[in-house]
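Reader: I have a model on screen and want to learn how to read its features. Where do we begin?

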Amino acid sequence: MKKLLSVIVLLTVSISCHDNSVYYEDAYIIENISIIDPNDGFKKNKTVVIKSNKIHEIFDSTKKELSKKNIIYSGKDKFLIPGFWDAHVHFAFDESLAGSMSDLFLAYGVTSVRDTGGEINFVNKFKHESEDNPDTHPRIMVAGPLIDGEYNVYDGHSHQFPPLSIQNVTEKDLYKKVNILIDQNVNFLKAYEMLTPNQFQALANIAKENNLKLTGHVPLSMDVISASNMGLNSMEHFRNFELSVSKDSKELLKKRKRLLKNLQNFSGAKLRSSIHSLQRMSAINNIDSLKLNQVIDVLVKNQTWQIPTLFLYRTFANKTFKLDSWMEYFNSFPSDVRSDWINKISKIDDKINKDRQAYSNWALGIVNLMNNKGVQFMAGTDAPIFFLIPGLSLHDEIAMLSEGGLSNLEAIKSATYNPSKYFGMEKELGSIKPGQIADLLILKKNPLENISNTKEIDAVIKNGNLLNRKYLDSLLRKN
Ligand SMILES: [Zn+2]
């Protein structure tokens with residue numbers, strides 16, 4: 001008994017004398033940082049342990065003493081948010097820029113993208129490169145080509161309309177071509193504007209059978225409610241939304257169906273733009289607020305996500321790409337792409353189109369109503385269309401969603417948690433929780449105070465790999 005007591009005494013002494021500090025093997029630690037989780041919001045003074053490619057543990061910085069042996073980064077006065085998604089990009093739009101896009105995305109804190117249209121072998125090349133190098137490349141989810149109708153818009157006949165789409169004359173045609181895409185492991189499908197209702201239905205059925213999300217533009221032959229009910233899971237650019245909420249929406253649809261017979265034998269691009277110019281502005285000047293509310297209710301009920309690309313519309317309307325300050329960002333591009341873009345811009349006149357401005361303002365104006373009713377948003381840009389800088393433009397889109405009525409936290413959520421949820425990946429990506437993949441951004445300023453602080457990136461963590469400011473600048477070809 002005496003012996004046992006002395007053992008206990010000895011044991012107690014040895015524990016109390018022992019160093020209480022904790023050591024995390026094969027890990028690094030960010031200490032004293034403010035966390036901004038898209039769902040749980042702001043939390044001060046947290047310590048985050050990153051082990052291999054995951055968030056291993058999160059605790060109050062006062063709670064544990066860390067051993068000096070740990071690799072520790074100070075997070076003092078800094079803010080940790082999930083890495084951003086750009087939910088609407090096109091690697092294939094400018095093939096000579098495509099090879100630089102992954103670097104640009106990462107340098108601007110975009111750790112995942114959704115490629116919403118491009119030739120499948122071309123976009124898959126970048127997707128596979130990123131899968132092989134997840135520590136240094138953004139994650140890429142691909143739709144493959146736009147799935148369009150007989151008069152397909154992106155037919156490759158002009159540089160403005162590179163061959164991003166596949167033409168489908170019949171449903172059988174569509175069934176065959178889409179199944180080939182599915183064999184090439186597309187992550188979702190994209191419906192385009194010239195599909196017939198029957199083709200759209202066939203496409204929605206294939207998407208459902210294969211458990212794939214179907215995104216797209218509402219086909220001109222349809223209205224928003226039927227497209228959403230048939231299985232359109234997300235809408236890009238609010239495209240053709242206005243045509244369904246106008247007081248004369250029924251007559252407009254009838255007229256469109258006549259025009260879509262294409263008796264004048266226009267190209268797909270010309271046929272589409274002629275219909276837009278005939279109907280878009282007259283619809284916007286004639287909105288039926290009851291219909292608007294009804295359509296939004298359907299979008300909420302069906303959980304039809306919206307990717308409004310507000311910054312694209314504003315850029316298109318105001319031609320801000322003509323500013324010297326804008327073109328300075330082209331210095332991060334390969335020099336041939338830079339001169340090509342500057343040359344293309346120099347050929348665009350300075351005239352401001354009032355209709356485009358009105359449309360841009362209208363799109364911005366309905367965000368608040370939709371958000372209040374419960375429509376779910378994703379931030380997406382359409383880069384590099386209209387000279388949008390890959391990565392950088394995402395920050396402007398987030399800021400515009402906030403301008404449109406989302407809170408700063410909701411705007412951040414639209415570019416982090418929401419796209420992860422859209423792909424059913426929210427348990428592994430898009431939040432700041434133990435077990436999540438460590439795709440994170442360390443910011444120097446608080447984006448909840450000012451949304452433009454999302455641009456104040458101190459470091460990007462991709463798949464657990466910490467890329468400091470110096471490395472990010474090297475991706476932008478800065479010294
Ligand atoms: Zn697009």
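**Metal site and aromatic rings**

Author: The donors of the zinc ion are spaced along the chain as H-x1-H-x291-D. Donors are N, O and S atoms within 2.8 Å of the metal (3.2 Å for Na, K and Ca); water is not among the atoms, so sites may look incomplete. This is a predicted model, where local features need pLDDT of at least 70, side-chain atom pairs count only at pLDDT 80 or more, and totals for chains, interfaces and linings use all residues. Residues are numbered from 1 along each chain as its sequence is written, and side-chain values use heavy atoms, with hydrogens and water left out.

Reader: Which atoms coordinate the zinc ion?

Author: His88 (NE2), His90 (NE2) and Asp382 (OD) do, at 2.0 to 2.2 Å.

Reader: Is His88 buried or exposed?

Author: Buried means under 20% relative accessible area, exposed over 50%, partly exposed in between (1.4 Å probe, protein chains only). His88 is buried because its relative accessible area is 0%; His90, at 3%, is buried too.

Reader: How is a pair of aromatic rings described?

Author: By the distance of the centres and the angle of the planes. Rings of Phe, Tyr and Trp (its six-membered ring) pair if their centres lie within 6.5 Å; planes under 30 degrees apart count as stacked, over 60 as edge-to-face and the rest as tilted. There are 22 aromatic pairs in the structure. Trp85 and Phe423 are stacked, 5.6 Å centre to centre with 25° between the planes.

Reader: What is the relative accessible area of Phe423?

Author: Phe423 has 15% and is buried. Phe188 and Phe423 pair edge-to-face, with 5.6 Å between centres and 65° between planes.
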